[in-house]
Amino acid sequence: MPEPIDRPQPPTTWLERLTRREREALERVVEEHGDDLRRAAQRLGFGASDVDDVVHATWETFLHVVGEFRGDAQVRTFLRGILRKKAAEFRRATRRRQTDPLDEAEPTVASSGPGPEEAAHHAETRERLDE
């Protein structure tokens, strides 16, 4: 016999709602921890625009992995761990962009003059003529 629909359901915990990515639970996390993440990114030495990028990447990762959050740590600790990893990734990417020799190299245009072999041949010919 099927269970009646109006049977009371056991209450869900906030953690269960969070790991199911329920909108209200996620909004609560953003509301409670958004400013803290921004301050933490600033303390890590990021400027205003970079703070936004690092915090945004943190939230993206959090939304991706929140279903795996078991509640062993506080949400704040979990978020700050993600922030530290995203900050390190951001710094590595920035260093790569600043030191990538391909970015710094100027484009070369093919010369319309003689190639190296032809130039060597001309030099040898001139030397013989000068003798």
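## Burial and overall make-up

Of the 131 residues in the protein chain, 22% are buried, a label that here requires under 20% relative accessible area, with over 50% counting as exposed and anything in between as partly exposed (1.4 Å probe, protein chains only). This is a predicted model, in which local features need pLDDT of at least 70 and side-chain atom pairs count only at pLDDT 80 or more, while totals for chains, interfaces and linings use all residues. Residues are numbered from 1 along each chain as its sequence is written, and side-chain values use heavy atoms, with hydrogens and water left out.

The protein chain holds 6 helices and 0 strands, where helices (H or I, at least four residues) and strands (E, at least two) are DSSP runs numbered from the N terminus. Read from the N terminus, the order of elements is α-α-α-α-α-α. Contacts, meaning heavy atoms within 4.5 Å, can also be sorted by sequence separation. Among those between residues at least 6 apart in sequence, 63% join residues at least 24 apart.

## The aromatic cluster

Let's turn to the rings. Rings of Phe, Tyr and Trp (its six-membered ring) pair if their centres lie within 6.5 Å, and planes under 30 degrees apart count as stacked, over 60 as edge-to-face and the rest as tilted. By this rule there are 4 aromatic pairs. In one of them, F62 and F78 have ring centres 6.0 Å apart and planes at 65°, so this pair is edge-to-face. Because F62 sits in helix α3 (residues 48–65) and F78 in helix α4 (residues 75–99), the pair ties together parts that are 16 residues apart in sequence.

F69 counts as buried at 8% relative accessibility. Together, W59, F62, F69 and F78 make up one aromatic cluster.

## Helix α2 against α3

Axes here are lines fitted to C-alpha atoms, for helices over the stretch in contact, and angles run from 0 to 180 degrees between N-to-C directions. On that basis, helix α2 (residues 23–43) packs with α3 at an angle of about 140°, their axes 10 Å apart. The two are therefore oblique to each other, given that angles under 35 degrees count as roughly parallel, over 145 as roughly antiparallel, 65 to 115 as roughly perpendicular and the rest as oblique.

D52, which belongs to helix α3, is partly exposed with a relative accessible area of 41%. D52 and Q42 are 10 residues apart in sequence and 9.8 Å apart in space, C-alpha to C-alpha.

## Helix α2 against α4

How do α2 and α4 pack, and at what angle? Their angle is about 40°, with axes 10 Å apart, and they are therefore oblique to each other. This crossing is right-handed. Among the α2 residues that meet α4 are V29, H33, D36 and L37, and on the α4 side the contact includes V75, L79 and L83. The residues of this contact divide into 7 nonpolar, 1 polar and 4 charged.

K86 lies in helix α4 and counts as buried at 18% relative accessibility. Leaving aside residues up to four places away in sequence, K86 touches V54, A57, T58 and T61.

R21 is found in the loop between α1 (14–19) and α2 and is partly exposed, at 40% relative accessibility. The phi of R21 is near 60°, a positive value in a residue other than glycine. Most residues other than glycine have a negative phi.

Technical notes
Left-handed = near helix turned anticlockwise from the far one by under 90°. Nonpolar A, V, L, I, M, F, W, Y, C, P; charged D, E, K, R; others polar.
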